[in-house]
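Trainee: I have a chain open on my screen and would like to walk through it with you. Could we begin with the overall fold and then go residue by residue?

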Amino acid sequence: MILPVYLYGHPVLRREAETLEADSAELQKLIADMWETMYHSDGVGLAAPQVGKSIRLIVIDGSPMAERFPECAGSKMCLINPEIEVDEDTEVVSREEGCLSLPGLSENVKRHEKLRMRWLDENFKEHEGEFSGFLARIIQHEFDHLLGKVYIDHVSPIRKQLIRSKLNNIVKGKVACEYRVKSATK
Ligand code: NI
């Protein structure tokens with residue numbers, strides 16, 4: 001089932017998400033719905049708060065970007081309770097990012113090039129790995145959603161001022177996009 005994507009301005013996107021304790025039929029259904037919603041909206045990542053669930057759950061599939069960023073090939077992952085560790089000494093790179101919760105916008109965001117992550121997959125099996133490049137960017141972007149942050153929080157105040165009317169329109173739900181959305185006001 002395709003779920004509506006909650007837009008910037010909705011309080012659920014500002015809440016810190018809760019740790020998932022146990023598997024359930026409801027959880028597996030939610031994961032399936034998140035995959036469907038992400039692919040339907042041409043996203044490469046979706047975090048549970050973006051579908052109104054304040055839990056530590058993310059789906060990622062960066063493979064559509066693999067031609068430009070080979071590290072994204074075969075990157076389909078379901079992340080439950082992820083923990084990331086960024087080496088502050090590693091390179092920081094600025095690249096354009098977008099978000100399904102902020103349709104029609106893209107801004108340059110500085111992110112670390114490399115990170116380590118521990119997570120549980122959809123079967124609650126533990127994994128650990130190192131990620132770099134654009135895939136590390138997608139992970140950091142989605143992980144921010146679990147902390148109640150959005151990428152626009154990393155944009156300079158001057159730049160934010162310039163896009164303020166666009167942001168206000170998103171808060172009001174005045175957006176044109178081809179997937180279902182839910183704004184703060186309706
Ligand atoms: Ni996002």
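Trainee: What radius of gyration does the chain have, and what would a compact globule of 186 residues have?

Mentor: The radius of gyration is taken over C-alpha atoms, and the globule rule is 2.2 Å times the number of residues to the power 0.38. For 186 residues that rule gives a value near 16 Å, so the chain agrees with a compact globule, its own radius of gyration being 16 Å.

Trainee: Before we go on, what kind of model is this?

Mentor: Residues are numbered from 1 along each chain as its sequence is written, and side-chain values use heavy atoms, with hydrogens and water left out. Local features need pLDDT of at least 70 and side-chain atom pairs count only at pLDDT 80 or more, while totals for chains, interfaces and linings use all residues, since this is a predicted model.

Trainee: How many helices and strands does the chain have?

Mentor: Helices (H or I, at least four residues) and strands (E, at least two) are DSSP runs, numbered from the N terminus. The elements run β-α-β-β-β-β-β-β-β-α-α-α-β. The secondary structure comes to 4 helices and 9 strands.

Trainee: What percentage of the residues in the chain is buried?

Mentor: Buried means under 20% relative accessible area, exposed over 50%, and partly exposed in between (1.4 Å probe, protein chains only). Of the 186 residues in the chain, the buried ones make up 49%.

Trainee: Which residues coordinate the nickel ion?

Mentor: Donors are N, O and S atoms within 2.8 Å of the metal (3.2 Å for Na, K and Ca), and water is not among the atoms, so sites may look incomplete. Along the chain the donors follow the spacing C-x41-H-x3-H. At 2.1 to 2.2 Å, the nickel ion is coordinated by Cys99 (SG), His141 (NE2) and His145 (NE2).

Trainee: How many residues apart in sequence are the parts that cysteine 99 and histidine 141 tie together?

Mentor: Cysteine 99 counts as buried at 9% relative accessibility, and histidine 141 counts as buried at 7%. Cysteine 99 sits in the loop between strand 5 (92–97) and strand 6 (107–112) and histidine 141 in helix 2 (residues 133–146), so the parts that the pair ties together are 42 residues apart.

Trainee: Which residues does valine 150 touch, leaving out those up to four places away in sequence?

Mentor: Valine 150 lies in the loop between helix 2 and helix 3 (157–162) and counts as buried at 1% relative accessibility. Its C-alpha atom is separated by 8.3 Å from that of cysteine 99, 51 residues apart along the chain. With contact meaning heavy atoms within 4.5 Å, valine 150 touches Tyr8, Arg14, Leu102 and His145.

Trainee: And tryptophan 35: is this residue buried or exposed?

Mentor: Tryptophan 35 is found in helix 1 (residues 25–40). Beyond four places in sequence, tryptophan 35 touches Val59, Ile60, Asp61, Lys76, Met77 and Cys78. With a relative accessible area of 15%, tryptophan 35 is buried.

Trainee: What is the phi of asparagine 81?

Mentor: Asparagine 81 has its place in strand 4 (residues 77–85) and is buried, with a relative accessible area of 15%. Although asparagine 81 is not a glycine, its phi is positive, about 45°.

Trainee: Where does phenylalanine 124 lie?

Mentor: Phenylalanine 124 also has a positive phi, about 65°, although it is not a glycine. At 23% relative accessibility, phenylalanine 124 counts as partly exposed. Its place is in the loop between strand 7 (114–120) and strand 8 (126–132).
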